[in-house]
Amino acid sequence: MSERHPIIAITGSSGAGTSTVTRTFANIFRRENIRAALIEGDSFHRYDRQEMKARQAEAEQSGNMNFSHFGPDNNLFGELEALFQSYAESGTGRARKYLHNAEEAAPYQQPPGTFTPWEELAPDTDMMFYEGLHGAVVTPEHNIARHPDLLIGVVPVINLEWIQKLWRDKHQRGYSTEAVTDTILRRMPDYVNYICPQFTHTHVNFQRVPMVDTSNPFVARDIPSADESMVVIRFANPKGIDFQYLLNMIGDSFMSRANTVVVPGGKMELAMQLIFTPFVWRMVERRQRALGAR
């Protein structure tokens, strides 16, 4: 953690909905005139798309049916932790981009599914913002979770997470239901061992719970809408959280535990704005005091 160079990290598995949180913070940064270094977790995968396919085929031929993007073998945990530590200490570090599609790849004149070269972060940013799979990962070799000043988990209930992934991969990426199901099954050991444990380290968790039947996610025709959901918001340390203010500002919300607020799904982004804007204000104030004390 760092007063001079704060870090915000959003962690959640593929299809969990971390983009909603990212959009909320983009609005906060724009409104508060904050210059953030933006880090995409996919850029710390070890292999590009073609090499990942080749490595997966090799793994399956050798009997490893659980080769996935979720585990340590296929990610650069050391480089990611080095970035977090370097930024916290000096506001510097090295990062790259993963080019998901032709639109992202066009400005770089590279094929989709490849990485851009490693580059130094832009100087004089106010904070770093990470969004990806491993913002709070802890292994015997690495402890990335100790660096962020604000750690946020995005965790739909598991059937909803699968529905979101199935819909995205089928409609946006052209995969079959069978192919996506195989991916879900292949990832399960790493999901249990490296994704789920992160949410014990997060400061705030958002879990969307559908209010419609999702008992068989593999035949669902669409994703339950925000208005068909509730969102469970859990604070690891509720000290300083004005729960009464949140309840007054967010209609039809209630507290289910002393550290937990439940809000309508359609009010999730409003809740994020109300919760995280004061967090960002405090980070900026601490940074200004620390820089002024030099």
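Two strands are counted as paired if DSSP finds at least two bridges between them. Strands (E, at least two residues) and helices (H or I, at least four) are DSSP runs, numbered from the N terminus. The structure is a predicted model, in which local features need pLDDT of at least 70 and side-chain atom pairs count only at pLDDT 80 or more, while totals for chains, interfaces and linings use all residues. Residues are numbered from 1 along each chain as its sequence is written, and side-chain values use heavy atoms, with hydrogens and water left out.

The model contains an open sheet of eight strands with mixed pairing, in the order β2-β5-β1-β6-β7-β8-β10-β9. Its edge strands, each pairing on one side only, are β2 (36-40) and β9 (254-257). On average, neighbouring strands of this sheet are turned by 20° against each other, direction ignored. Axes are lines fitted to C-alpha atoms, for helices over the stretch in contact, and angles run from 0 to 180 degrees between N-to-C directions.

Within the sheet, β1 (residues 7-11) pairs with β6 (residues 150-154) in the parallel sense over four bridges. Here A9 stands opposite L151 of β6. Strand β6 is also joined to β7 by three bridges, and these two strands run parallel; V154 has F206 in β7 as its bridge partner. On to β8 (residues 229-235), β7 is joined by seven bridges, in the antiparallel sense, with M230 in β8 as the bridge partner of V209. Strand β7 (residues 204-210) is mostly covered, since five of its seven residues are buried, that is, under 20% relative accessible area with a 1.4 Å probe and protein chains only.

Helix α3 (residues 77-90) lies across β1, β2 and β5 (127-132), where contact means heavy atoms within 4.5 Å. The helix runs at about 160° to β5.

A search of the whole structure finds one cavity of 30 Å³ or more. A cavity is a set of points, on a 1 Å grid over the protein atoms alone, where a 1.4 Å probe fits but cannot get out, and lining residues have an atom within 4 Å of a point. The largest cavity holds about 90 Å³ of space, a volume being the space filled by probe spheres set on the points, which are joined across faces, edges and corners. Eleven residues line the largest cavity, and F70, E161, W162, I184 and Y191 lie nearest its centre. At least two lining residues come from each of α5 (158-171) and α6 (177-195). The lining divides into six nonpolar residues (Ala, Val, Leu, Ile, Met, Phe, Trp, Tyr, Cys and Pro), three charged (Asp, Glu, Lys and Arg) and two polar (the others, Gly among them).

Conventions
On a 1 Å grid over the protein atoms alone, a cavity is a set of points where a 1.4 Å probe fits but cannot get out, and a pocket is an open set with protein on both sides within 12 Å along at least five of seven lines; lining residues have an atom within 4 Å of a point. Buried means under 20% relative accessible area, exposed over 50%, partly exposed in between (1.4 Å probe, protein chains only).
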